[in-house]
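Trainee: Before we start, I would like to go through this model by asking about its contacts one at a time.
Mentor: Go ahead.

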Amino acid sequence: MIAYILRRLGMILLTMLLASVIIFSVTQLLPGDVAHVILGQFATPQAVENLREELGLNRPIIVQYWDWLTSFIRGDWGISMVSRLEVRPMIMERLRNSLMLASVSLLFYVPLGILLGVIAALNEDRLADQAISGISMAFAGLPEFVTGLILIGILAISLDILPANSSIEPQTSFKEAFPFLILPAITVSLTSLGYIARMTRSSTIDVLRADYTRAADMKGLPRWQVLTKHVLRNSLLPTVTVVAMGIGWLIGGLIVTEAVFGYPGVGRLLIYGIQRRDLILIQAISMLIVAVYSFSNLAADILYGILNPRIRLGG
Amino acid sequence: MATDDKPTVLEVKNLWVSYATDDGPLNTVRNVSMKIRRGEIYGLVGESGSGKTTLARALVRYLPRNGSITSGSISLAGTDLLALSPGELRKVWGARVTMVHQDPSKAINPSITVGEQIAEMARVHLGMSRAQARHKALEMLEKVQLPDPESVAGRYAHQLSGGMLQRILIATALTTNPQFLIMDEPTTALDVTTEAVILDLVRDLLREYQTAVLYITHNLGVVARICDRVGVMYAGEIMEEGSIQRVFTHKLHPYTLGLLGCVPRIDIDKRDITLHTIPGHIPRPDALPEGCIFGPRCTFNDNTCHQTRNPLMEVEPEHFTICGRWADVEKSIREDFAQEKAIKALDQKDAPLVLDARNIEKQFKLRRSGLSNLFSWKPEVVRAVDNVSIRVRKGATMGIVGESGCGKTTFARCIAGFEQATSGDIFLEGEALPYSIAKRSKSTLKKIQLVFQNPDASLNPQHPVGQSVGRPLALLGNVLQSEIDQCVRELFEAVNLPADYVNRLPHELSGGEKQRVAIARAFAADPELMILDEPISSLDVSVQASLMNMLAELQKVKGTAYLFISHDLAAVRHLSDWIAVVYLGRLWEIGSAEDVFTPPYHPYTEALLSAIPIPDPNIHQERIRLQGSVPSAVNIPSGCRFHTRCPRKIGPICENEEPPWQNVHRFHSICCHIPLEELTAMQVPVASETEEEQQ
Amino acid sequence: MQNILTARQIPASRISRTIKRLRRYPATLIGFTLVGIFILMAIIGPWITPYGFSDQDLSNRLQPASAEHWFGTDQFGRDIFSRVLAGSRDVFTIAGSGTLLAVLMGLTLGMVSGYLGGAADEILMRFMDVLLSIPPLLLAMIILGTVGPSRLNIVLVVGFLYIPMVARVVRSVVLDIKTREFIEAAKMRGENSGYILFREILPNVLPPLAVEASMRFSYSIFLVASLGFLGLGVQPPSPDWGMMVSEARTWYNQAPWVLLYPAGTIALLVVGVAFTSDGLRRMLLPGGVSG
């Protein structure tokens, strides 16, 4: 088990290292010189040269990368090229908000998705299954800005029961922010809900067909006991991994949803950074997102290992 | 037998079971009636598609959602099962009826300890507390003779061997002391020596518990060994039913006769006899023939057979058949059966050598893939094949026999070049071969061909089967492009397939037909050596028989040397001139087929022969059983590697020293510490007729 | 013997069976119909639209749906129906080309990786894992944010992002097929790698690849529309669906149709493609891979 965790950890660190190379090189694709971007096209060559010196842009690219990576790991994420402020406190403040929204969404769509998936599996090919599968497939395909705007149209504008705009102050406490989280959370959830439901459905169907489920039925155990003890224990195991893989979707969904609702999260900060071409900000946010994604996958792997006797005890 | 006066536990009358499918309803089980008494083991035999599993699931009303019982009655000790509500049914399941499933590794929940899986039965049906149920589980584990029940109870399925898992399933099924037990092919997934131990256990336990048992199997030998009564099922109906003694001695239905004739036996030297075959296929339930459903495949049929379908008739006391011509069938047994055909009269002891494989070794390094390797320890070595030498002569068959994991398939794959041997020499017609298939020349490739075990995987699902046979002709066969079609047709004819099959895709063929195509493909290159890697083991017995006949016929015509790999001793004996016995990657005995099957044997060979169930209730087999399971090929036992399980172990010498090869005569050798005279003195022939049970 | 063998019936033909099965899945039929209509509209669109997608008519701003303007008009008096139709051509060409690129590259890499195995496979797959460790929308945004969202760039980014998913599917099929015995039978008769790769393996890869491609297409539409909404799609005056929706938010209170018609069209197309993909899975991979 410890060897398993170490292996997973090693893989994830390696992956993150390579991902950092990609992020760094992509942002270096920027046409023209960063110094020019910052100072505008009318800057004097002397000013540009001074800034290049200051930013270390005259050094070889490898050195720049190494410097950037090590300072990122140390916690020195640089100074915004636009606002000239430290980016780390700026991002961390937004990260809290994004995590708040993400947690509310996860707490909503994971249990509901599992429930729907199990119901669909138990009614395989019957009406309930067709309805759940069809609707979840439809929602899984709808971009967040479409569902988000339709929800705003119905719940905020026509019925006026929830706020249409979630552009709260970044430091708002969770309790005060909660009403503003509901619509964005539903929006983010709809895409992932369908995904979780579909995956849960298929793994549950597999387990329902397994010989050991038949054996449990033939033992005359009460139906609910067969379901909770024999079926779900096995069929929800892959769901752990599925949820973690879905975090990538969730992050994409958060970016769009934050834009739709004007919610002050990391996603909106990223869009802002891209619009202003704030290289430092983009790099830091991207690295942070990759780290969050990778470690949630690691957590899922470890949880899977703990729940699966095959890995926990070795094969 | 002695059960006639016991009360009836299960009574089924005129049961019909139907499945709703896209093509309309399929009546998979039709008009089945049966009675099983207390303490009686009722064997239900039939080939795949005969409806035996559907019948079993219908008996406990546990059919798939599209299946339903359309008419008939099922009564369990006075309870009308068809009248029960689903809730009431669940109280019957587990308490009064239990089931042992086919593949124990799949029938045990992988994420619950096995002890808990027994204990939950006790809690639900016997109303026990947690502590009592735990105690009961340990008691049951002890009942099925598992060593160290305490530790076994706390383990998960993946930590236990197939034999142990099957014992656990049996323990589970008997926990509540049910009235009726269904066993669905409980030993099919096991090796023959494990099967023998489990069968002994089942017979002893059931005698003690006096449960009424429905025992489903395709293996007539197993029926003869443990059942009291037998029902022969075909295409959803019962053809013949009666006590074991009566059915096996007075076969009153041509299908029973055919099935028994299909099976090669280790106790009778029938190597020179063509096996009985049953032509054609089981009809689908929606396309049954007029009259007798077996009519089109029956050698006894006459006009009346095509017009009338008989019910099950009692023609002797407690012996039923649906065949109207049962008297003719019974009469034919003595005359018709032994139509001898000497396929291999030729004494090949001096025929030229085709394959000479010397000291072949194959080791696999156990390692995890790629980068994760950085985090694991030094690789372990699996010695799959360890110093095996085999020779095959022209026109002769060398059979390699052993249980799963003994290295026989790895050896064959080393010869074929799919695996690269670690060391050793492979000579083909005197010429040394490179280990890897990629380095072998076209002329070498042409000389060795292989027929694979699984016909589903050995044909490309996207290619018409004619194309699969045509390619080797084009590449290796020295055949003109224009003649390929003609050659393909000839090959199809040689393997008894209609020529218009060439354009079909594999999924349109049955398993047996696919294997015929695979054999035609292998013969297309006109090889000198044909490696047959378990070519028949995935098929039904009647199909096996016709393939074995065909292989023998083709060998006679073409003079090809066969290397026949199998776990089925009876098939090996039937087809082979020479036999090599393998265990844990080593050769233990080698000799002509007759010699290997007569004492002295190697103790392992002896145990194999004793384990095989012979389809004849009047045969007595010496009871020699191997305990435990095959050790891992990573940690091979010291000295004689069979000593951990050897029933004839003589002392420390077996644990410390490698045994020597001893020659019984020029063509028969045994690798064992026990002197040959002693082996001969303590061993008896494979099987003998029992006097006391003769009628 | 002969007549018994031929008398054995062959299972009812595959096609009629498939149709029978499909009847039980209305979602699949809906999907096929929707996709069919969209393809038709994308092809004949320019001939049936009464207005150019950028024709402004400021006297007719923000009009609701009418006989002249089926979907109404937007803030510049442009005909929304014409814009939606023109946008659907963009979606098909951009998402379609992106998918095609991903499928071709993924097929090549997956085949090579799966067939060669060993170090080449290890390196390729590790690289794919790295790409997969960055959420696709994030990577698309930072690339397009730096190089600029031209039509070609969007196609390249979409294609690039989905290569790993396709390659993984192809690789897993190849790894499975590679160990089948008919491949060994081909080696036994001395077939070269080219024949084994293209004649033995490739035909077996195509059915799952078709299913994967249809799924990728639906994700591509999703991605392209989302990028458009974030301002990283095809730039004006091209009628990008995401962009149209984004701009229409301003006018929602006055003229909700400016938003609802494009949004509804996106929804219909995405749902249609998703249902189609599910239907393809049922037809091409019966009893096969789930999820």
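Mentor: A polar contact is a pair of N or O atoms within 3.5 Å; within protein, one must be able to donate a hydrogen and the other to accept it. Keep in mind that this is a predicted model.

Trainee: How many residue pairs are in polar contact across the interface of chain C and chain A?
Mentor: The rule is applied across the interface of chain C and chain A, with both residues at pLDDT 80 or more. Under that condition, the number of residue pairs found is 1.

Trainee: Which helix of chain C supplies the largest share of the side that touches chain A?
Mentor: Helix 5, helix 6 (136-147), helix 9 (193-229), helix 10 (241-248) and helix 11 (257-284) of chain C each give at least two residues to that side. The largest share is 10 residues, and the element of chain C that supplies them is helix 11.

Trainee: How many nonpolar residues are on the side of chain C that touches chain A?
Mentor: In all, 45 residues of chain C are in contact with 49 residues of chain A. By class, the side belonging to chain C has 8 polar and 6 charged residues, and its nonpolar residues number 31.

Trainee: What area do chain C and chain A bury between them?
Mentor: The size of an interface is often given as the accessible area lost when the parts come together. For chain C and chain A, 78% of that area is on carbon and sulfur atoms, and the total is about 4,000 Å².

Trainee: Which three residues supply more than any other three of the area that chain C buries against chain A?
Mentor: Their part of the area that chain C buries against chain A is 16%. The three are Ile142(C), Thr146(C) and Phe222(C).

Trainee: Which residue of chain C meets Arg198(A) in a salt bridge?
Mentor: The count between chain C and chain A is 1 salt bridge. The side chain of Arg198(A) takes part in a salt bridge at 3.9 Å, N to O, and its partner is Asp278(C).

Trainee: How many residues apart in sequence are the parts tied together by Asp204(B) and Arg623(B)?
Mentor: The side chains of Asp204(B) and Arg623(B) form a salt bridge at 3.8 Å, N to O. Asp204(B) lies in helix 8 (residues 192-209) of chain B and Arg623(B) in the loop between strand 23 (619-621) and helix 24 (652-656), so the parts tied together are separated in sequence by 419 residues.

Trainee: Is Glu316(B) buried or exposed?
Mentor: Glu316(B) forms a salt bridge with Arg246(B), with the closest N and O atoms 3.6 Å apart. Arg246(B) is partly exposed at 26% relative accessibility. The relative accessible area of Glu316(B) is 16%, and buried means under 20%, so Glu316(B) is buried.

Trainee: Which helix of chain C holds Asp121(C), the partner of Arg171(C)?
Mentor: The side chains of Arg171(C) and Asp121(C) meet in a salt bridge at 2.6 Å, N to O. Arg171(C) is in helix 7 (residues 151-178), 50 residues away in the chain, and the element that holds Asp121(C) is helix 5 (residues 118-132).

Trainee: Which residue just after helix 4 of chain C takes a positive phi?
Mentor: Helix 4 (residues 80-116) of chain C has 37 residues and spans 52 Å from its first C-alpha to its last, close to the 54 Å expected. Just after helix 4, a positive phi of about 65° is taken by Gly117(C).

Note on methods
Residues are numbered from 1 along each chain as its sequence is written. Chains are lettered from A and ligands numbered from 1 in the order in which they are written. This is a predicted model: local features need pLDDT of at least 70, side-chain atom pairs count only at pLDDT 80 or more; totals for chains, interfaces and linings use all residues. Side-chain values use heavy atoms; hydrogens and water are left out. A salt bridge is a side-chain nitrogen of Lys or Arg within 4 Å of a carboxyl oxygen of Asp or Glu. Helices (H or I, at least four residues) and strands (E, at least two) are DSSP runs, numbered from the N terminus. Buried means under 20% relative accessible area, exposed over 50%, partly exposed in between (1.4 Å probe, protein chains only). Contact means heavy atoms within 4.5 Å. Buried area is the accessible area (1.4 Å probe) that two parts lose on being put together, summed over both. A polar contact is a pair of N or O atoms within 3.5 Å; within protein, one must be able to donate a hydrogen and the other to accept it, and residues adjacent in sequence count only if both atoms are side-chain atoms. Ala, Val, Leu, Ile, Met, Phe, Trp, Tyr, Cys and Pro count as nonpolar, Asp, Glu, Lys and Arg as charged, and the others, Gly among them, as polar. The expected span of a helix is 1.5 Å times one less than its number of residues.
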